[in-house]
Amino acid sequence: MSDDLLKKVISHAKEYGFVFPSSEIYDGLSAAYDYGQLGAELKNNIKHYWWTAMVRMHDNIVGLDASIFMHPTTWKASGHVDAFNDPLIDNKDSKKRYRADVLIEDHIGKIEAKIQKDVAKAAQRFGDAFDEAEFRSTNGRVLERQKQIDDINSQFKAAMGAEDLSAVKQLIEELGIADPDTGSRNWTDVRQFNLMFKTELGAVSGESGVIYLRPETAQGIFVNFLNVQKSGRMKIPFGIAQIGKAFRNEIIARQFIFRMREFEQMEMQFFVKPGTQNEWYAYWKEARLQWHKSLGLGDNLHRFHDHIKLAHYADAACDIEFNFPMGFKELEGIHSRTDFDLKQHEAHSNKKLRYFDPESQESYVPYVVETSIGLDRMFLATLSAALQEETLEDGSTRTVLRIPAPLSPVKAAILPLIKKDGLPEKAREVMALLQMDHNVQYDEKDAIGRRYRRQDAIGTPLCITVDHDTLTDHAVTIRDRDTMAQERVAIDQLAAVVAGKVSLAQLFKAS
Ligand code: ATP
């Protein structure tokens, strides 16, 4: 995959109404995007797949929809006011701003790429007999590069741990890191920058009226832990799931919808008995990977990245990374957050946030395992894996979006072969049979082949053609997007055939 693919995805998304730059008539707003007519459908379908898997399929998980504004003490308790910072650095010549940690990570990435190259070369040389683990642990050059990486990591960790930002700058200088755009090494000092957006509540001005746009949805769940537990008579272990907007004033937001300042999260906090968090962490790691794989977007597109450097609240954490057009990057985080958040909220609110276990007759602050996925990143993953250009047997090419059928924005296109002889009317009747259950589209313009191509390009899994025979045999032709095979189906069987292809149940069957 490559930058080229990302460009193709961006232009395809715009051309067909998936994603537009925000307020484009005013030349857009950096890193803000609007989901168009098909994008809104795809986004809803992803949400529906997540909500069904998490809430409906688990009888001990319930949903919630908390407000974006929260009492400002929430963010003091969660640690966001004091610690939700990124170290930033400016280049004095280019006036460009960077995240210091990202500059260092990219530098490490370059060393890693060299190791990868050596590994690939050796694999080619040794063929089937190649043992990658052995090569990595014995090859002198690889070991030397790995040592460089470890040294950089430990210096960076020590500097950040000691909040010594001048040591971070020194590391950047020692490594000879240059502005990726201009090559200049003329850097300012490193400063901390808080990522929360501030605003003011009502007519109150000054610090007392300051509130924040939530930087994560999780805290809306923590502060409602007892409300839900009591009103829903929930027994531990149980989970609370939520889908909603989050806001982060990212220092650099680019790569399309991968990193935005306003985005949507799908998070689930699972409350467990202290001491059982490891097994639940393992359970959710596996369950979440399975959720991704059931979509069938392709092999080798997902991998785990275990965190070595843990956040202050976590006792274990990993990411599910996806092979985006820019390479493997975080798509979802799975974190064992201990009792940190609930204890912090107890301390700041002076309210007890405890669970009384009726069996053991004891009361305790539960531990939490959370799964947190960015909806927009999931959208980008789906779109970039789905977009394909194919050469057909007759030498012609087609652009096809192989979106998993249950997620496709339009499930079926209803196409009268021609615009007369009663075919449009019949096609409308067929459409009425499906429209209540699925998003379907009617199209009578242009030759049938062109209409198929248009539907391929937006990922419609089924094209249903109404022809002259339909009027007498009460059957239609269904064309499959992926195989392009055609099949004659009786109209009274149609609803079942379409559901068999596009309902969410198909994805759960696969898992
Ligand atoms: P990153 O390291 O990429 O900044 P993060 O580790 O800060 O991400 P989390 O706080 O774990 O992210 O948030 C959970 C999920 O929310 C991420 O896995 C990602 O999918 C999504 N997410 C986070 N920041 C953004 C953003 N700026 N734009 C879009 N999605 C985001």
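How many Å separate the centres of domain 2 and domain 3, taken over C-alpha atoms?

**View 1. Division of the predicted model into domains.** In this predicted model, the centres of domain 2 and domain 3 are separated by 51 Å, a value taken over C-alpha atoms. The division of the protein gives domain 1 two segments, 15–58 and 215–391, while domain 2 is formed by 85–194 and domain 3 by 392–510.

View 2. Glu 330 places a polar side-chain atom 2.7 Å from an oxygen atom of the ligand, whereas Leu 331 has a polar backbone atom 2.9 Å from an oxygen atom of the ligand. A further backbone atom, an N or O of Gly 374, lies 2.9 Å from an oxygen atom of the ligand. On its own the ligand has 590 Å² of accessible area, of which the protein covers 83%.

**View 3. The open sheet of seven strands.** The strands follow the order β3-β9-β10-β16-β13-β12-β11, and their pairing is mixed. Because β3 (61–64) and β11 (302–306) stand at the edges with a single partner strand each, one side of each is left without a neighbour in the sheet. On average, and with direction ignored, neighbouring strands of this sheet are turned by 25° against each other.

View 4. Strand β9 (residues 238–247) runs antiparallel to β10, and the two are joined by 10 bridges. In the loop between α10 (225–231) and β9 lies Pro 237, and the peptide bond leading from Ile 236 to Pro 237 is cis, with omega near 5°.

**View 5. Backbone of Lys 95.** The loop between β4 (85–90) and β5 (97–99) contains Lys 95. Phi of Lys 95 is near 65°, which is a positive value in a residue other than glycine.

Terms used. Residues are numbered from 1 along each chain as its sequence is written. This is a predicted model: local features need pLDDT of at least 70, side-chain atom pairs count only at pLDDT 80 or more; totals for chains, interfaces and linings use all residues. Side-chain values use heavy atoms; hydrogens and water are left out. A polar contact is a pair of N or O atoms within 3.5 Å; within protein, one must be able to donate a hydrogen and the other to accept it, and residues adjacent in sequence count only if both atoms are side-chain atoms. Accessible areas come from the Shrake-Rupley method with a 1.4 Å probe; for residues, only the protein chains shown count as cover. Domain bounds come from an automatic or database domain assignment. Two strands pair if DSSP finds at least two bridges between them. Helices (H or I, at least four residues) and strands (E, at least two) are DSSP runs, numbered from the N terminus. Axes are lines fitted to C-alpha atoms, for helices over the stretch in contact, and angles run from 0 to 180 degrees between N-to-C directions.
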